[in-house]
Amino acid sequence: MHLKTIILSLAKEQLDQEEKDRATEKERTLAERVPDLELTGLSLQELQDLCRELNSKIDVTDEERYDTEAKAGKHAKEVLDLNQKIFDLRGKFKRPPLRRVRMSADAMLRALLGSKHKVSMDLRANLKSVKKEEKEDKTQDIGDWRKNVAAMSGMEGRKKMFDTAPQPQS
């Protein structure tokens, strides 16, 4: 524990020193690039020359800033292109084999709705029960339907239908 506190205090001192170094470097650079202006006692012509000189310095600084931004943009685009090439070389993502999960409808509802909801879902209880029935074979010869229509027309045809119907076997 004591060793840890010593390391942390050393790291804090180093960070403080780095901040001081940055501040002094900034002050030195600003003093070098931007000298103090003394405008007192200058004539109109000297003030105009000073303005032209400052204007030319501003133009140079803007050009440098523009060049730096262009380089940064170019590098960012190169990084994106290289990342895209890496992605293309790797190929498509391989999908992992999915496992089949056996889960009842109740467990699925509990997982979706949470344990608070007491929902029971018995899917088989709602199904209709169907009984298999034996199919009756109709062995009646139909023949040509036009002959049957003429024979079955009128009341006599209806009587024939009932007479020729197959009798149920007992």
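**View 1. The largest pocket of this predicted model holds about 420 Å³ of space.** Its lining takes in 15 residues, and the ones nearest the centre are R33, V34, K57, I58 and T61. Two elements each give two or more residues to that lining: helix 1 (2–33) and helix 2 (44–90). Helix 2 provides the largest share, with nine residues. Sort the lining by class and you get eight nonpolar, five charged and two polar residues.

**View 2. Here's helix 2 from end to end, with its 47 residues.** How far apart are the end C-alpha atoms of helix 2? They sit 69 Å apart, and that agrees with the span you'd expect, because 1.5 Å a residue should also bring helix 2 to 69 Å. Just after helix 2 comes G91, which takes a positive phi of about 90°.

**View 3. The chain is built from five helices and zero strands.** Follow the sequence along and the pattern reads α-α-α-α-α. Of the 170 residues in the chain, buried ones make up 1%. The accessible surface comes to about 18,300 Å², and carbon and sulfur atoms account for 56% of it.

**View 4. Helix 1 and helix 4 (residues 145–152) mark the two ends of the confidence range among the elements.** Helix 1 has the highest mean pLDDT, at 93, while helix 4 has the lowest, at 62. For the chain, the mean is 79, with 68% of residues reaching 70 or more.

Note on methods
Residues numbered from 1 in each chain as written. Predicted model: local features only at pLDDT ≥ 70, side-chain atom pairs only at ≥ 80, totals over all residues. Heavy atoms only, no water. 1 Å grid on protein atoms, 1.4 Å probe; cavity = no way out; pocket = protein on both sides within 12 Å on 5 of 7 lines; lining within 4 Å. Points joined across faces, edges and corners; volume = space filled by probe spheres on them. Helix = DSSP H or I, 4+ residues; strand = E, 2+ residues; numbered from the N terminus. Nonpolar A, V, L, I, M, F, W, Y, C, P; charged D, E, K, R; others polar. Expected span 1.5 Å × (residues − 1). pLDDT = per-residue confidence, 0-100. Buried < 20%, exposed > 50% of the residue type's maximum accessible area, 1.4 Å probe, protein only. Areas by Shrake-Rupley, 256 points an atom, 1.4 Å probe, with all protein chains shown as cover.
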